[in-house]
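Hi,

Here is the structure I promised to pass on to you. Have a look at it first, and then read my notes below.

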Amino acid sequence: MRRLTSARVIRETPLGEAAVSWTRVPELRVVVTVPAGAAASVRLPLLDSPGDSAGRGVYVDGDGCEMECGAGVEMCGGVRSEVRCMAQRDGESTIEFELGAGEFSFKLGVRP
């Protein structure tokens with residue numbers, strides 16, 4: 001069975017182009033583009049083992065910005081954001097946060 005290894009969507013908004021893409025070769029990376037003057041709510045999966053979420057999070061390439069479960073309030077993309085980690089109904093855990101304008105490339109996983 002073949003698995004989907006990437007996807008991309010672009011949406012024109014009144015403030016400009018918003019986009020999200022992901023690839024899974026070999027790890028999951030997500031790129032989010034937020035137009036100037038806009039903010040975005042982001043929810044990403046935590047792909048490692050279920051259970052305690054401490055130490056799990058997403059890491060922003062080239063930005064010096066990382067969001068980690070249990071970290072509380074973080075600053076990323078010019079936006080002060082509360083990082084929330086939660087279990088979904090299907091049992092999968094997610095991390096949620098806000099971003100300001102810009103392009104952000106995330107690597108998902110456990111802190112090395």
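The largest nonpolar core in this predicted model has 18 residues. A nonpolar core here is a set of buried Ala, Val, Leu, Ile, Met, Phe, Trp, Tyr and Cys residues joined through side-chain atoms within 4.5 Å. Buried means under 20% relative accessible area, exposed means over 50%, and partly exposed is in between (1.4 Å probe, protein chains only). The residues with the most contacts inside the core are Val30, Leu44, Ile95, Phe97, Leu99 and Phe106. Two or more core residues come from each of strand E3 (28–34), strand E4 (40–46), strand E10 (93–99) and strand E11 (102–110).

About the ground rules: residues are numbered from 1 along each chain as its sequence is written, and side-chain values use heavy atoms, with hydrogens and water left out. Because the model is predicted, local features need a pLDDT of at least 70 and side-chain atom pairs count only at pLDDT 80 or more, while totals for chains, interfaces and linings use all residues.

Now for the overall layout. The protein has 0 helices and 11 strands; these are DSSP runs numbered from the N terminus (helices are H or I, at least four residues; strands are E, at least two). Of its 112 residues, 31% count as buried.

Thr94 sits in strand E10 and counts as buried, because its relative accessibility is 6%. Not counting residues up to four places away in sequence, Thr94 touches Arg43, Leu44, Pro45, Leu46, Arg84, Cys85, Met86 and Gln88, where a contact means heavy atoms within 4.5 Å.

Ser41, in strand E4, is exposed, with a relative accessible area of 62%. What joins the side chains of Ser41 and Glu98? A polar contact of 2.9 Å does; the term means a pair of N or O atoms within 3.5 Å (within protein, one must be able to donate a hydrogen and the other to accept it, and residues adjacent in sequence count only if both atoms are side-chain atoms). The C-alpha atoms of Ser41 and Glu98 are separated by 4.5 Å, although the two are 57 residues apart along the chain.

Finally, confidence. The protein averages a pLDDT of 76 (the predictor's confidence in each residue, from 0 to 100). Confidence is highest in strand E1 (residues 6–13), at a mean of 96, and lowest in strand E5 (residues 56–60), at 60. Over residues 49–53 the pLDDT is below 50. Where pLDDT is low, the predicted coordinates should not be read in detail.

Enjoy exploring!
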